[in-house]
Amino acid sequence: SELIRGFLLSGMPCPSSCPPGLLALMAPGLALIATFSLPSQAGDRRALPVEKPPGVKGRTLILLDVNTKSPVRIISENFLSLQLDPSIIHDGWLDFLSSRRLVTLARGLAPAFLRFAGKRTDFLQFHNVKNPAKSRGGPGPDYYLKNYEDDIVRSDIALDKQKGCKIAQHPDIMLELQREKAAQMHLVLLKEQFSNTYSNLTLTARSLDKLYNFADCSGLHLIFALNALRRNPNNSWNSSNALSLLKYSASKKYNISWELGNEPNNYRTLIGRSVNGSQLGKDYTQLRSLLQLIRTYSRAHLYGPNIGRPRKNVIAFLEGFMKVAGGTVDAVTWQHYYIDGRVAKVTDFLKTRLLDTLSDQIRKIQKVVNTYTPGKKIWLEGVGMTSAGGMNNLSDSYAAGFLWLNTLGLLASQGIDVVVRHSFLDHGHNHLVDQNFNPLPDYWLSLLYKRLIGPKVLAIHVAGLQRKPRPGRVIRDKLRIYAHCTSYHNHNYVRGSITLYIINLHRSRKKIKLAGTLRDKIVHQYLLQPYGKDGLHSKSVQLNGQPLAMVDDGTLPELKPRPLRAGRTLVIPPLTMSFYVVKNVNALACRYR
């Protein structure tokens, strides 16, 4: 048995000295000698060490199989969703959401939710003004700014003449002026963020029209977070401004879901007085009653409370909220940022300890939710790789993708129904699309995820050579493997196919041999690597050696796989992320929606 064990793990052919009958024993398939659950199934459980078989020196061959009979989790079709921060009103980018290029990029990530919320949610006032700003012409010290505003007005008038989906073609000079304006506003927004002091924002009816048009054209479902800091003297929620917005949206028959507030556990630091969980629960009950009075929104979805990191006081806040409004919301939401963007380094994104911090938060949130409303959906909203707006050449680089892809895998495997990425387009560096409307590495990673990953999560079984832990030292997995049924929307693959996605944080390549039901199947490889001389800091990526870029403003590139012959060992390069579609597995779990 020891001899058999050695040959199975090493992947070496059986020599002439095999005992009689050994070939017959090996023929049905590779047995998984030592099985451990990666973080995708077992949270923080450690991998079981497996001793090296005799005659195998320094070679690491990992055997991988997947349970194809039934999924362990089923998540939302909109699992990977997007967020826009209200700061786009301040810096002017909201006026450019009708850009064909932006709409094309957003359509690539549909179906998804588009959450309009952020730190400035609770300083947002709706003003039902429809007429565009008056044109101000004539030369003067701010002549170009006036011309810019005139261009916005002319663009709005042109959009009003279009029916259905409204798409604009903005002149290059107009975009250049907007980037100059946004760069100036970026400093103002950062100052507000670091001082935690925010100015009031006005959302006009025209701005709301532009926001909804972008979501609708892109195939995204809008979730709008209302201002929860408008308070009556008794600290109850003042809903008058929200009611005005609801009535206007209903008059336009806008299909919107709703939230109330953003990180309500931090209100004391914003306005000097707090709103406890119980009070916010009453406010949500009040909002639900308002929605039921408006025919368009009588059955609208309501999500909350969007708390921050679940520390002790935040858990107490959530418990108070759930006691009052647990049955009122359609999903319970919280948000998470991994690193302080002001002090982050590229090596931070490679730390397995950091990748594992989310597991503990998930358990804390699930414990509270299951206590008060067992089975209620849980969402992670407003997730970002770094806080404080992120850091240039870091949170918008290839390196940030390790955290992002592991977040997707970990949340899906733990049954979190939706994850909302902050942000699609933003003033900082956590976004998926930059201010030249060029997709960043995390966009391409998200696009691959959307194209290849379906909502059914599968259990994986792994066996391989594992180094022995030193006394007092925890071995954390630097090779992360997750498995799903392949997306039903991808017509390149028949139902029953399986997609693996793998993160290799090792500085050496790793070899994986597909076993059991995956054995001897044709595999399509999608290997994502940094492109150019900047390495992990790169803002460009290549897929199977070919750089990724938009074909034109209306066309995304074809994501071409590299076919691997049946039975070939998967070789995972160091510090990379990759997807592998195992074709024609005919997995029972994946045959039907």
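**Ground rules**

I am working on a predicted model, where local features need pLDDT of at least 70, side-chain atom pairs count only at pLDDT 80 or more, and totals for chains, interfaces and linings use all residues. Residues are numbered from 1 along each chain as its sequence is written, and side-chain values use heavy atoms, with hydrogens and water left out.

**Disulfides**

I took a disulfide to be a pair of cysteine sulfur atoms within 2.5 Å. That rule gave me two disulfides.

I began with the partner of C217, which is C165, at an S to S distance of 2.0 Å. This pair links distant parts of the chain, 52 residues apart: C165 sits in the loop between α6 (143-161) and α7 (172-195), and C217 in helix α8. For these labels, helices (H or I, at least four residues) and strands (E, at least two) are DSSP runs, numbered from the N terminus. I noted 140 degrees about the S-S bond of C165 and C217, a right-handed link. C165 has 32% relative accessibility and therefore counts as partly exposed.

Next I looked at C485 and C590, which are also joined with S to S at 2.0 Å.

**Helix α8**

Back to the helix that holds C217. I checked its span against the expected one, 1.5 Å times one less than the number of residues. The 14 residues of α8 (residues 205-218) should span 20 Å, and the end C-alpha atoms are 20 Å apart, which agrees. I found 13 of the 14 residues buried, so α8 is mostly covered. G219 follows α8 with a positive phi, near 75 degrees.

**Helix α15**

I ran the check again on α15 (residues 401-413), which has 13 residues. Its first and last C-alpha atoms are 18 Å apart, close to the 18 Å expected. Here 13 of the 13 residues are buried, so α15 is largely enclosed by the rest of the structure. Just after α15, I noted G415 with a positive phi of about 85 degrees.

Conventions. Buried means under 20% relative accessible area, exposed over 50%, partly exposed in between (1.4 Å probe, protein chains only).
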